[in-house]
Amino acid sequence: MQTTFLAQQFVPLMFCGLFAFLLTGFPVAFALAATGLGFGFIGMEAGIFPPSLFQALPLRIFGIMQNDTLLAIPFFTFMGIILERSGMAEDLLETVGQVFGPLRGGLAIAVILVGALLAATTGVVAAAVISMGLISLPIMLRYGYNRVIATGAITASGTLAQAIPPSLVLIVLADQLGRSVGDMYAGALLPGLLLVGLYIVFVVIVALVKPAWVPALPQEARIYREANGSSGHKSLLVLVLICAAVGWSWAQVHDTLMTRWLERSIPSAGDEIVIMTLTLASITGLVLALLNRITKMGLLSRLAEQVTFVLMPPLILIFLVLGTIFLGVATPTEGGAMGALGALILAIGKKRLSMPLLNQALDNTAKLATFVLFILIGSTVFSFTFNAADGHIWVEHLFTDMPGGGWGFLIVVNLLVFVLGMFIDFFEIAFIVLPLLAPVAEKILPGLIPGMTPDMAMIWFGVIIAMNLQTSFLTPPFGFALFYLRSVAAKFDYKDRVTGKTIKAVSTNEIYKGSIAFIVLQLIMVAAIMTFPSLVVGNMSKDKGLSDAAVMEQLQMHDVEPLTETEQTEPPEDSGTATDSNAPAALETPPALEEEIDPMKAMQEAIAKDAKKAKP
């Protein structure tokens with residue numbers, strides 16, 4: 001009786017055991033492994049599992065260590081740490097702040113844009129939020145910014161590292177969903193950029209409705225000025241227009257040139273065209289600025305030169321890494337390795353690379369990579385026992401019987417991830433929750449949108465989860481971005497070194513309030529992705545059947561002539577039973593025709609014919 005009860009309630013008891021472990025403060029990775037092993041041994045003793053249950057576990061763990069996809073995590077982490085510790089964040093904030101500073105809300109817009117750039121380079125929320133909290137927050141408070149807007153802009157823009165490629169979250173999600181990291185990057189690119197635009201639109205609306213909340217920089221705070229007193233924005237605008245013209249020209253010929261160079265038969269994806277266009281535009285700006293400085297023609301203002309030399313190198317690095325991935329020239333792991341090398345070259349070029357910085361970057365990279373791998377191993381041990389107890393079927397029944405079908409599943413999953421994100425880290429959510437939901441999503445979601453293939457559905461699902469996980473960084477009481485800003489924001493009143501005024505400390509309540517508006521914006525973006533899947537999968541090719549000619553072309557079987565429609569439908573003249581063993585597979589009976597033959601019906605017809613022949 002007890003064994004029957006244990007077998008029936010095994011899966012819920014496993015969840016309760018894991019929850020109890022987590023409440024004790026035990027590390028998540030070890031709590032997962034302990035729960036899986038403990039309940040596995042209990043199940044074997046109770047006769048639920050065979051004694052050989054864990055024999056395949058070493059191979060599973062060895063397979064994790066051999067996973068090439070996960071190698072991208074240390075590479076991108078190392079790239080981000082090198083760029084962030086070499087002073088890139090400070091240079092970007094100062095320069096972009098000078099560009100947009102003369103506008104109301106310009107500092108907040110600069111913080112959002114720099115947050116997006118740091119997201120595409122560092123990929124780590126803590127680094128982005130702490131850097132901008134240390135540099136931008138004192139400046140915004142100095143010139144009278146509303147504290148709620150200032151803190152909200154910093155924390156929200158720091159979380160963009162979760163959604164904008166090359167994001168560590170997207171790598172983990174792609175691995176857990178069994179899909180290509182490149183496809184996940186391509187799917188997340190447009191929603192991530194749209195979210196940045198949504199933040200900027202919000203700041204613009206605040207500047208129009210409450211201009212006193214987001215004042216412009218005063219004249220004395222604008223440091224890049226020309227000898228005649230001008231700001232240099234006109235020169236910067238001309239340079240931007242020239243780069244835009246070069247980029248637009250390339251976009252018109254990209255598909256033709258790339259199709260010819262790479263010898264491919266499918267048209268170029270939109271995200272590929274965008275990345276390569278931005279890469280060439282950035283290189284054009286950098287070359288023009290270098291020529292201006294070398295020849296001393298003085299055609300560019302100080303501001304235009306500063307923007308070019310500070311902004312373009314990291315932008316080119318980002319675009320090259322993503323461009324090679326989208327073009328299929330490099331895998332995400334190879335792209336990450338190239339990005340790490342490019343970060344080292346940039347740091348050397350700025351004369352900021354030192355042995356202490358290198359040791360610190362390697363140490364932090366090793367810690368993060370080890371952290372991820374241990375959680376993944378722990379979750380593998382947990383899911384090993386969980387799946388042996390048919391837990392995946394239990395979860396499937398739990399969600400498939402839910403009202404609303406696929407849409408009900410999506411809404412409940414997003415609510416679950418949103419609530420869990422208030423309390424636990426995104427790695428734990430990705431490694432614990434996602435493997436339980438992925439099989440259900442793969443069954444339910446493809447039929448939700450007409451024409452959507454399983455691959456498209458899972459990429460769409462992954463981007464929705466990534467955007468939701470980004471929201472979790474801002475949700476009180478345990479939003480990690482809020483804690484990062486709290487750690488560097490002023491805890492006591494202080495005297496500003498520039499204006500000499502006393503500035504009040506930043507309260508935790510102000511940081512929490514600042515996140516609310518941006519949480520709403522992120523939820524709007526999640527709803528938009530759910531409503532318009534084309535934002536994610538618009539560039540992915542739908543799974544259409546290939547003709548014989550297309551298959552021959554793809555396999556490069558030029559020595560075999562494709563069958564004509566007449567040859568495919570008409571039987572051969574020699575209908576004897578003998579067959580040519582050397583005939584190509586294309587000449588055999590098509591699988592579709594074999595499936596249409598009913599063996600029982602054929603046997604009945606044969607018996608009837610024999611009966612007729614037997615009659616006198």
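**View 1. Arg-60 in helix H4.** Arg-60 sits in helix H4 (residues 57–65); here helices (H or I, at least four residues) and strands (E, at least two) are DSSP runs, numbered from the N terminus. The model shown is predicted, so local features need pLDDT of at least 70 and side-chain atom pairs count only at pLDDT 80 or more, while totals for chains, interfaces and linings use all residues. Residues are numbered from 1 along each chain as its sequence is written, and side-chain values use heavy atoms, with hydrogens and water left out. With 43% relative accessibility, Arg-60 counts as partly exposed; buried means under 20% relative accessible area, exposed over 50%, and partly exposed in between (1.4 Å probe, protein chains only). Follow the chain for 321 residues from Arg-60 and you reach Val-381, yet their C-alpha atoms are 8.7 Å apart in space. Leaving aside neighbours within four places in sequence, Arg-60 is in contact with Thr-380 and Phe-384, where contact means heavy atoms within 4.5 Å.

**View 2. Helix H5 against helix H16.** Two packed helices are described by the angle between their axes and the distance between the axes. For H5 (residues 72–85) and H16 (residues 355–388), the axes come within 9 Å and cross at roughly 145°. These axes are lines fitted to C-alpha atoms, for helices over the stretch in contact, and angles run from 0 to 180 degrees between N-to-C directions. The crossing of H5 and H16 is right-handed; a crossing is left-handed if the near helix is turned anticlockwise from the far one by less than a right angle, and right-handed if clockwise. On the H5 side, the residues that meet H16 include Ile-73, Phe-78 and Arg-85, and among their partners in H16 are Leu-357, Asn-364 and Val-372. The residues of this contact divide into 12 nonpolar, four polar and one charged. In this grouping, Ala, Val, Leu, Ile, Met, Phe, Trp, Tyr, Cys and Pro count as nonpolar, Asp, Glu, Lys and Arg as charged, and the others, Gly among them, as polar.

**View 3. Aromatic rings that pair up.** The structure holds 13 aromatic pairs. Rings of Phe, Tyr and Trp (its six-membered ring) pair if their centres lie within 6.5 Å; planes under 30 degrees apart count as stacked, over 60 as edge-to-face and the rest as tilted. Phe-409 and Phe-461 form a stacked pair, 6.1 Å centre to centre with 25° between the planes. The pair links distant parts of the chain, 52 residues apart: Phe-409 belongs to helix H18 (residues 405–420) and Phe-461 to helix H20 (residues 454–472). Phe-409 is buried, at 0% relative accessibility, and Phe-461 is buried too, at 1%. Elsewhere, ring pairs join Phe-10, Phe-39 and Phe-49 into a cluster.

**View 4. Gly-406, also in helix H18.** Gly-406 has its place in helix H18. Its relative accessibility is 8%, so Gly-406 counts as buried. Between the C-alpha atoms of Gly-406 and Leu-445 there are 5.9 Å, although the two are 39 residues apart along the chain. Apart from neighbours within four places in sequence, Gly-406 is in contact with Ile-444, Leu-445 and Leu-448.

View 5. Ala-289 is part of helix H13 and is buried, at 0% relative accessibility. Look for Ala-304 as well: Ala-289 and Ala-304 are 15 residues apart in sequence and 8.2 Å apart in space, C-alpha to C-alpha. Setting aside neighbours within four places in sequence, Ala-289 is in contact with Leu-300, Glu-305, Thr-308 and Phe-309. In the loop between helix H13 (270–295) and helix H14 (302–327) you will find Lys-296. Phi of Lys-296 is near 55°, a positive value in a residue other than glycine, and Lys-296 is exposed, with a relative accessible area of 74%.

View 6. Lys-351 lies between helix H15 (332–349) and H16. Phi of Lys-351 is near 60°, a positive value in a residue other than glycine. Lys-351 is exposed, with a relative accessible area of 78%.
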